[in-house]
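Thank you all for coming; I would like to take a few minutes to walk through one model. Please keep the sequence and the structure in view while I talk.

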Amino acid sequence: MEPSQIRSILMDAGIDYDSALRRMMGKESLYYRFLKKFADDPNYRDFQDGLREKDPEKAFRAAHTLKGLGANLGMDELTRAVSGAVEILRPLSSHGRDSQAGASHAPGVQAMEISGAENGAGDWTQAVKASSDQIREAYERIIGALKASGIGADL
């Protein structure tokens, strides 16, 4: 497949191809290799597992890593969706409890704090649900684009 076709497929999936390619010093083969590795990365599954297991620490670590990966690879829609979950989960993680950085301004955090969810009580998974749905949609679009482009043909 031609690079222009791959670019179009990836951009349709919410990837800022041009900015990511600049981060890779214009080396498409390097970028494609990182995209393929992204598809094999366990953090999306770990995030989902953390939610299912009601383990905010696991969900936070995976979401935070997924946010960084997405940002570096130009996955703007995924990065935005994950950012919401990260900020909701941060006060529930050891990182957030140990931090003296102050209260987060993320939507949903005040409601969780009122219900006591900052200490692990309450159903914090409901506060993450909207972000989780957006993350899943963005992730599935990206994986579909990787398959369609041939970058992740064996996925």
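This is a predicted model: local features need pLDDT of at least 70, side-chain atom pairs count only at pLDDT 80 or more; totals for chains, interfaces and linings use all residues.

Of the 155 residues of the protein, 42% count as buried, where buried means under 20% relative accessible area, exposed over 50%, and partly exposed in between, with a 1.4 Å probe and protein chains only. Residues are numbered from 1 along each chain as its sequence is written, and side-chain values use heavy atoms, with hydrogens and water left out.

The secondary structure comes to nine helices and zero strands, so that from the N terminus on the elements run α-α-α-α-α-α-α-α-α; helices (H or I, at least four residues) and strands (E, at least two) are DSSP runs, numbered from the N terminus. Taking contact to mean heavy atoms within 4.5 Å, among contacts between residues at least 6 apart in sequence, 64% join residues at least 24 apart.

Let me turn to the core. A nonpolar core here is a set of buried Ala, Val, Leu, Ile, Met, Phe, Trp, Tyr and Cys residues joined through side-chain atoms within 4.5 Å. The largest one has 42 residues, of which Leu-10, Tyr-31, Leu-35, Phe-47, Leu-78 and Ile-135 touch the most other members. At least two residues of this core come from each of helix 1 (3–12), helix 2 (17–23), helix 3 (28–40), helix 4 (43–52), helix 5 (56–72), helix 6 (76–89) and helix 9. Which helix gives the most to this core? That is helix 9, with nine residues. As general background, nonpolar side chains in soluble globular proteins tend to be buried together.

Next, the packing against helix 9. Axes are lines fitted to C-alpha atoms, for helices over the stretch in contact, and angles run from 0 to 180 degrees between N-to-C directions. Helix 1 and helix 9 pack at an angle of about 165°, with their axes 9 Å apart. The two are therefore roughly antiparallel to each other, given that angles under 35 degrees count as roughly parallel, over 145 as roughly antiparallel, 65 to 115 as roughly perpendicular and the rest as oblique. On the helix 1 side, Ile-6, Ile-9 and Leu-10 meet Ala-145, Leu-146, Ala-148 and Ser-149 of helix 9. The residues of that contact divide into six nonpolar, one polar and no charged, where Ala, Val, Leu, Ile, Met, Phe, Trp, Tyr, Cys and Pro count as nonpolar, Asp, Glu, Lys and Arg as charged, and the others, Gly among them, as polar.

Helix 3 packs with helix 9 at an angle of about 130°, with the axes 11 Å apart, and that makes helix 3 oblique to helix 9. Here Leu-35, Phe-38 and Ala-39 in helix 3 meet Tyr-139, Ile-142, Ile-143 and Leu-146 in helix 9, a contact with seven nonpolar, no polar and no charged residues.

Staying with helix 9 (residues 124–149), that is also the place of Ser-131. Is Ser-131 buried or exposed? Ser-131 is buried, because its relative accessible area is 9%. Leaving aside neighbours within four places in sequence, Ser-131 is in contact with Ala-81, Gly-84, Ala-85 and Ile-88. Ser-83, in helix 6, is partly exposed at a relative accessible area of 22%, and the C-alpha atoms of Ser-83 and Ser-131, 48 residues apart along the chain, are separated by 8.4 Å.

In helix 5 we find Ala-59, which counts as buried at 0% relative accessibility. Beyond its neighbours within four places in sequence, Ala-59 is in contact with Phe-47, Gly-50, Leu-51 and Leu-89.

Finally, the backbone in two loops. Most residues other than glycine have a negative phi. Met-25, however, has a positive phi of about 55° although it is not a glycine; Met-25 is found in the loop between helix 2 and helix 3 and is exposed, with a relative accessible area of 63%. Lys-54 likewise has a positive phi of about 55° without being a glycine, and its place is in the loop between helix 4 and helix 5.
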